[in-house]
Amino acid sequence: GALRLEQMFPLTLGANIGTTVTGLLASLVSDGVSALQVALAHLFFNISGIIIWYPIPFMRKIPLDMARTLGKATRIWKGFPILYIIVIFMMIPLVLYGLSSLFQQGSKGYTVLGSFLSAILIFLIILTVYRWYKGGLKANVLSSFKDRQRRKGASDALPEDMEYIKAELARLRDHTGLADEIDEVVEEEQKLKE
C-alpha cells in the first residue's frame, strides 16, 4: 500500500494514545474516582507499551515481525483474521477468566481444580509450541490454510448456473462429433451385456 509497515507502526501507537485521551476526557465528567483511575490505568498501560516497544530498534522488530506473520497467514487463508479474532479476543479471555474464577472461590477444592487445569493448560501450550517448531505442526497448518483457500477459490470460480455449463458441454459435443462417438460406445457396451 501507500504506507510501509514500519511507517504505520508509530501511527498505530499514536492512535492508541488517542483512544486513551477520549476515555480520560469522559472520566473527568463522571462523579466517581474509579472512572478516572481506570482511564489513567489505560493511558499509562499504553504509554508503558510504547516505552517498551518503540524506542529500541531491536524491540520494534518483534511486533513488526508478528504483524508480517499475521499478514502472511491472511494471504494464505482469507478466513484467518476471523479465526484470530475469535481465539484471541473471545476464547482465550474466557478460558483465563474461568481459571481465575476458580482461584477466587475461596474453596480448597476449586483452588486445586484451578491448579490442575492451569498445569494442563501450560502443558498443552508447551506441547503446541514444541510441535509448531519441531514437530511439523506449522507445515500442516499452512498446508491446511492453503487447501482451504484453494477450495474456496475453486468454488468461487464455478459459475452460478450449472445448466449453462451442461448446455455448453452438449454444444461442444455436437460440434466436435464427440456425441456420436459416445453413443457408439454406449451401444457397444449394451451389446456386450446382452
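**Close-up views of a predicted model**

**View 1. A negatively charged surface patch comprises E184, E187, E188 and E189.** Such a patch is made of residues with over 30% relative accessible area and no salt bridge, like charges being joined within 9 Å and nonpolar side chains (Val, Leu, Ile, Met, Phe, Trp, Tyr) within 5 Å. Lys and Arg count as positive and Asp and Glu as negative, while His and the chain ends are not counted. The place of a charge is taken as NZ of Lys, CZ of Arg, CG of Asp or CD of Glu. E189 belongs to helix α8 (residues 178-193); helices (H or I, at least four residues) and strands (E, at least two) are DSSP runs, numbered from the N terminus. With 44% relative accessibility, E189 is classed as partly exposed; buried means under 20% relative accessible area, exposed over 50%, and partly exposed in between (1.4 Å probe, protein chains only). Accessible areas come from the Shrake-Rupley method with a 1.4 Å probe, and for residues only the protein chains shown count as cover.

The model is predicted: local features need pLDDT of at least 70 and side-chain atom pairs count only at pLDDT 80 or more, whereas totals for chains, interfaces and linings use all residues. Residues are numbered from 1 along each chain as its sequence is written, and side-chain values use heavy atoms, with hydrogens and water left out.

**View 2. A positively charged surface patch is built from K72, R75, K78 and K138.** Of these residues, K138 is located in helix α6 (residues 137-157). Its relative accessibility of 39% makes K138 partly exposed.

**View 3. Salt bridges with shared partners connect R4, E6, D65 and R68 in one network.** A salt bridge is a side-chain nitrogen of Lys or Arg within 4 Å of a carboxyl oxygen of Asp or Glu, and the count by this rule is 5 salt bridges. R4 pairs with E6 at 3.6 Å, N to O. R4 is exposed, at 52% relative accessible area, whereas E6 is partly exposed at 36%. E6 also forms a salt bridge with R68, at 2.2 Å from N to O. This pair joins distant parts of the chain, since R68 lies in helix α3 (residues 57-76) and E6 in helix α1, 62 residues apart. R68 is partly exposed, with 33% relative accessibility. A salt bridge of 3.1 Å, N to O, brings together D65 and R68. Both residues, D65 and R68, are in helix α3, 3 residues apart, or about one turn of the helix. D65 is partly exposed, with a relative accessible area of 36%.

**View 4. The side chain of S27 has a polar atom 2.7 Å from the backbone oxygen of L24.** A polar contact is a pair of N or O atoms within 3.5 Å; within protein, one must be able to donate a hydrogen and the other to accept it, and residues adjacent in sequence count only if both atoms are side-chain atoms. S27 sits in helix α1 (residues 5-29) and is buried, at 6% relative accessible area.

**View 5. The side chain of N46 approaches the backbone oxygen of N16 to 3.3 Å.** N46 is part of helix α2 (residues 33-53). Its relative accessibility of 13% places N46 among the buried residues.
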